[in-house]
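Subject: Structure handover

Hello,

Here is the structure for you to look over. My notes on what turned up follow below.

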Amino acid sequence: MINFKIILHSPFNNIQAMLNRRKFIQLTGLSTALLSTEGFAGVIPGNKKPIVLSTWAQNMKANKAAWEILNKGGYALDAVEAGVMIPEADPNDVSVGYGGYPDRDGKVTLDACIMNEKGQCGAVMALEHIMHPIKVARLVMEKTPHVQLVGEGALQFALTEGFKKENLLTPESEKAWREWLKTSKYDPLTIPKILEKTNQQEPYPWPVAALNHDTIGMIAMDINGNISGACTTSGMAFKMRGRVGDSPIIGAGLFIDNEIGAASATGVGEEVVKICGSHTVVEMMRHGATPEQACKEAVRRIVKNNGVNAKNVQVGFIALNKKGEYGGYSVMKNFSIAVRTKELEKSIDAKSWF
């Protein structure tokens, strides 16, 4: 049993208490039930690096681009930027960047954020006409005194930095939008349902039961032990004009603490924002939880918030700690994690609450 020594200060006296590990974690909100969870199959013994992982098996191709940088001793921030640019430019990925499903007015609006090992970060929200919002987010971090730029301001900044306006609405996505207009029924599971149906007709090559892919969150640790992350999306299909989810919000869709680890989220962003999801996961790891246990605790809070409706909400988290251990957890089944290290390249189905 590991003991933690905590010193509590008050204006009247100093109280010194010795708390064992179980009681300490209970005080931080991590339940005993979580501590008894079986270890995640992907835990790597020792400090193996570099490593990159991302949400969804489909993004093994994104990991490959990131790995080309990491394997040469490159910087984790460069790796995650290069990695998420792959789905951003893929017209067949209807939840990220070019080809992403539009909002209910037929406009493709993009959200993205990036964060490095020093806690520096940048984000863009509701950005239109730019193929790679993650690159704009990085420039917000590096060239402005701000963290977030939104809408027309974000576009103006991008154009000033040399980006070119492009039409991001593909004929296929426009067709899907016009079909949706016939009923105009908003369903946060629109993309998962469409992609699962498509996958049943044309099996996807990655080893997953269903391709319910939504957003890409990517976190990586380089050979120097520095961690960075990126998250990018076109958001919920047929969302209200101006809607922003968790993906570009630091602490929600992405959070990095280089002393502890990193986390990213995917799914119904509103639910992630409500619990500061990725920050919650990192804080759980700070207090002794494994990556999987930390992700499960974040999922538990979402399930609690939604009660009987929790089965209609899909959210998944991925996490990486400084030891090179990784894990994930989701509300519903069929959430997968893509992992790349020197020893392996594979996708793993995460455990789920339901």
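Start with the contacts, meaning heavy atoms within 4.5 Å. Among those in the chain between residues at least 6 apart in sequence, 64% join residues at least 24 apart.

A word on the basis. This is a predicted model, where local features need pLDDT of at least 70 and side-chain atom pairs count only at pLDDT 80 or more, while totals for chains, interfaces and linings use all residues. Residues are numbered from 1 along each chain as its sequence is written, and side-chain values use heavy atoms, with hydrogens and water left out.

Overall picture. The chain has eleven helices and 15 strands. These are DSSP runs numbered from the N terminus: helices are H or I with at least four residues, strands are E with at least two. Of the 354 residues in the chain, 58% are buried. Buried means under 20% relative accessible area, exposed means over 50%, and partly exposed is in between (1.4 Å probe, protein chains only).

Cores. A nonpolar core is a set of buried Ala, Val, Leu, Ile, Met, Phe, Trp, Tyr and Cys residues joined through side-chain atoms within 4.5 Å. The largest one has 50 residues. Leu-53, Ile-219, Val-281, Val-315 and Phe-317 touch the most other members. Helix α11 (residues 291-306) gives the most to this core, six residues. Another core lies apart from it, with 31 residues, including Val-52, Phe-157, Met-218 and Ala-230.

Helix α5 (residues 133-143). Eight of its eleven residues are buried, so α5 is largely enclosed by the rest of the structure. The buried ones are Pro-133, Ile-134, Val-136, Ala-137, Arg-138, Leu-139, Val-140 and Met-141. Their cover includes α4, β4 (110-115), β5 (121-127), β6 (148-150), α6 (151-160) and β8 (227-233).

α5 against α6. The two pack at an angle of about 85°, with their axes 10 Å apart. That makes α5 roughly perpendicular to α6. Axes are lines fitted to C-alpha atoms, for helices over the stretch in contact, and angles run from 0 to 180 degrees between N-to-C directions. Angles under 35 degrees count as roughly parallel, over 145 as roughly antiparallel, 65 to 115 as roughly perpendicular and the rest as oblique. Val-136, Leu-139 and Val-140 of α5 meet Ala-154, Phe-157 and Ala-158 of α6. By class, this contact has six nonpolar residues, no polar and no charged. Ala, Val, Leu, Ile, Met, Phe, Trp, Tyr, Cys and Pro count as nonpolar, Asp, Glu, Lys and Arg as charged, and the others, Gly among them, as polar.

α3 against α4. Helix α3 (residues 60-70) and helix α4 (residues 76-88) pack at about 155°, with axes 7 Å apart. They are therefore roughly antiparallel to each other. On the α3 side, the contact uses Lys-61, Ala-62, Ala-65, Ala-66, Ile-69 and Leu-70. On the α4 side, it uses Ala-76, Asp-78, Ala-79, Ala-82, Gly-83, Ile-86 and Pro-87. The classes are ten nonpolar, one polar and two charged.

Two backbone points to check. Cys-276 has a positive phi, near 45°, in a residue other than glycine. Cys-276 sits in the loop between α9 (269-274) and α10 (277-286). At 42% relative accessibility, Cys-276 counts as partly exposed. Asn-334 also has a positive phi, near 75°. Its loop runs between β12 (326-330) and β13 (336-340). At 30% relative accessibility, Asn-334 counts as partly exposed.

Best wishes
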